[in-house]
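Please keep the sequence and the coordinates at hand while reading.

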Amino acid sequence: MKWWIVIAILLGLNSAPASQAGAAGQVIVCIQCHALQPAQFSQPIKLWKNSIHAEHGISCNACHGGDPMDSAQAMSPARGFRGVPTGTATPALCGGCHMGIMKYYLNSAHGRTLGRGGPTCVTCHGSHDIKSATLDIINKKNCSTCHTFDKARQIRSAMLKRDAMLMAIEKKIKVLRRQGVITDQLEKRLFSLRNRFHAMFHSLDVKLIIQESDHIQAELEKTNGVGGVGTEPLTGTLAVGWALLMALLLYLVKRSLD
Ligand code: HEC
Ligand code: HEC
Ligand code: HEC
Ligand code: HEC
Ligand code: HEC
């Protein structure tokens, strides 16, 4: 498990509320009955079972509505059943929990062409078989059905550069921690920074991503050689390393808020 996930769990920093019903281990009536239905209606269960949503207790009713505890009334509109979401309604549905991402998306070339050829959340992530998202989603098969792959390639390489930088910061923090510095604050900041950067893909703004990445690179270089084994007295090195990293992260968080 990645360390920032461990921190998130420890801090209870779940970015989205869990669905009310269908708590861990509890089988809801939607699943009980749908498991007995023909493929079109039972297939979603198989796909969902291996999804990141199932892992976090986000069940059928979180997206489709309805009453997961009452078999007779489960799919009654009076109990909030919404049926199958249409393409144009999908961003608002997913965005109910993934708000920051929806904002970037709606302002992007994809969001602006919603309903007129632009992809929705499920075009790229699927609807039931949703997995932890990585840059592997950006590939020729997914990204050249509607336009050339060229634009996709540009944004992908800008994002890869950014990932490398986040890893470099992570490494520096590790060095500090090994030297006995309490790094909780730094790790918390890095965690929120990482989240903002992963949401930023949805803006499709290559310029913005490159600009941010270049700036981080420059700031990162200032911290080079600090926090390692230097010739200065150890405490001095640690203090300088801590201060520089703190300044870098503060700067990054502020920039990504602008
Ligand atoms: C007692 C059996 C039963 C239960 C309980 C049940 N379903 Fe269904 N569901 C069906 C059947 C049969 C169909 C296909 C025929 C139809 O649309 O009525 C269906 C269709 C659906 C569809 C797609 C069809 C559409 O047009 O709406 C969705 C989405 C769905 N169910 C979600 C749910 C959810 C969410 C729950 C729990 C809150 C639930 N179901 C509970 C039997 C059930
Ligand atoms: C994260 C949101 C989400 C969750 C959770 C979810 N669904 Fe869906 N479901 C969708 C979307 C979006 C569609 C629309 C079809 C598409 O775009 O793939 C859909 C479509 C369906 C359909 C229609 C399939 C068809 O071909 O007509 C059924 C049936 C269904 N879901 C049942 C379920 C059941 C049962 C569960 C729980 C095991 C579930 N869904 C959980 C989002 C969700
Ligand atoms: C009821 C709230 C809720 C709804 C609605 C919802 N999600 Fe999620 N989603 C979550 C939670 C909770 C997680 C797991 C924690 C996390 O990674 O944020 C998650 C995780 C994800 C992830 C993996 C994130 C990662 O860390 O890589 C993706 C991708 C995703 N959801 C896409 C969607 C899409 C697409 C829809 C709409 C079809 C949707 N979600 C609807 C709550 C929701
Ligand atoms: C369902 C069709 C569709 C799919 C699939 C799709 N796009 Fe797009 N994309 C569009 C449309 C429509 C536009 C806006 C018109 C244009 O620039 O061609 C666009 C524009 C873009 C732009 C230009 C943004 C700008 O402001 O100039 C980028 C970058 C982009 N897409 C990346 C991707 C990536 C990466 C993927 C794969 C993960 C992808 N697209 C998959 C439809 C799609
Ligand atoms: C054109 C394809 C595309 C579309 C459309 C799209 N996504 Fe994504 N999404 C991605 C890619 C690629 C990543 C991985 C970005 C990264 O690693 O930095 C991602 C990452 C995510 C994540 C994980 C962020 C994290 O913290 O790791 C979530 C959650 C998510 N998307 C939800 C959504 C929702 C909700 C929508 C609709 C409002 C949506 N996506 C629309 C391609 C897409």
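Does His125 count as buried, partly exposed or exposed? At 28% relative accessibility, His125 counts as partly exposed, where buried means under 20% relative accessible area, exposed over 50% and partly exposed in between, with a 1.4 Å probe and protein chains only. The model is predicted, so that local features need pLDDT of at least 70 and side-chain atom pairs pLDDT 80 or more, while totals for chains, interfaces and linings use all residues. Residues are numbered from 1 along each chain as written, chains are lettered from A and ligands numbered from 1 in the order written, and side-chain values use heavy atoms, without hydrogens and water.

His125 (NE2) and His202 (NE2) coordinate the iron atom of ligand 5 at 2.0 Å; donors are N, O and S atoms within 2.8 Å of the metal (3.2 Å for Na, K and Ca), and sites may look incomplete since water is not among the atoms. The six donor atoms subtend angles of 88 to 179°, and the arrangement is therefore octahedral (six donors, opposite ones over 155 degrees apart and all others between 65 and 115). This pair links distant parts of the chain, 77 residues apart: His125 is in helix H9 (residues 121-125), and His202 is in the loop between helix H12 (184-199) and helix H13 (206-222). Helices are DSSP runs (H or I, at least four residues), numbered from the N terminus. His202 counts as buried, at 17% relative accessibility.

The shell around ligand 5 comprises 21 residues, the closest being Cys121, Cys124, His125, His198 and His202; each has a heavy atom within 4 Å of the ligand. H7 (99-106), H9, H11 (150-178) and H12 each supply at least two residues of this shell.

The protein donors of its iron atom are His34 (NE2) and Met75 (SD), 2.0 to 2.2 Å away, and the site is octahedral, with angles of 83 to 179° among six donor atoms. Because His34 lies in helix H2 (residues 29-34) and Met75 in the loop between helix H5 (60-64) and helix H6 (90-95), the pair ties together parts that are 41 residues apart in sequence. His34 counts as partly exposed, at 26% relative accessibility, whereas Met75 counts as exposed, at 53%.

Definitions and conventions:
Tetrahedral: all angles 85-135°; square planar, octahedral: opposite > 155°, others 65-115°.
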